[in-house]
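Trainee: I have a fold open on my screen and I'd like to learn how to read it. Can you walk me through it?

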Amino acid sequence: MARIAEIDRIDITDILNKVAYILDSKEYDRMGDVFSEDIQFINPGRLTANGLDELKTAFRNFPAPSLSHHITNLLLSGSEDGTVKALCKALSQRADKSIVAAEYTDILKKTSNGWRIASRTIKPL
């Protein structure tokens, strides 16, 4: 496991937190601030997207997006190839006011615009 510089830990944590604000405000045009152009997004039973444009379209067309997203219990691990794996627990408030829990596994890569999520897999709990 490769060591992650403290500044990268801070930047990655900010990116992961920013996802919630973008989704909750439905500012889908800002998804490029957090996801890479080639994002692979898998949320079984809810949506799958290959690439940023497809992800934006999927969220715009989603019939009942969650109202509020929260992440916790964040663990980061570096890889020799320069990517970082982020594992966290997530809570979301759905449109019907129910709360659902999930586990997010993200792979982040550093781009010319900073850290971006290249892969997100959501496992419902």
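This is a predicted model: local features need pLDDT of at least 70, side-chain atom pairs count only at pLDDT 80 or more; totals for chains, interfaces and linings use all residues.

Trainee: In what order do the elements run from the N terminus on?

Mentor: The order is α-β-β-α-β-β-β-β.

Trainee: What does the radius of gyration say about the protein chain?

Mentor: The idea is to set the value against a rule for a compact globule. For 125 residues that rule gives a radius near 14 Å, and the protein chain has 14 Å, so the two agree. Along the principal axes, the C-alpha trace spans about 40 × 30 × 20 Å.

Trainee: And how much of the protein chain counts as buried?

Mentor: That's 39% of the 125 residues. The accessible surface comes to about 7,000 Å², with 52% of that belonging to carbon and sulfur atoms.

Trainee: Which residues is I71 in contact with, leaving aside neighbours within four places in sequence?

Mentor: L16, N17, C88, K89, A90 and Y104. Take C88: it sits 17 residues from I71 in sequence, yet their C-alpha atoms are 6.4 Å apart.

Trainee: What about contacts across the whole protein chain?

Mentor: Among those between residues at least 6 apart in sequence, 44% join residues at least 24 apart.

Terms used:
Residues are numbered from 1 along each chain as its sequence is written. Side-chain values use heavy atoms; hydrogens and water are left out. Helices (H or I, at least four residues) and strands (E, at least two) are DSSP runs, numbered from the N terminus. The radius of gyration is taken over C-alpha atoms; the globule rule is 2.2 Å times the number of residues to the power 0.38. Buried means under 20% relative accessible area, exposed over 50%, partly exposed in between (1.4 Å probe, protein chains only). Contact means heavy atoms within 4.5 Å. Accessible areas come from the Shrake-Rupley method with a 1.4 Å probe; for residues, only the protein chains shown count as cover.
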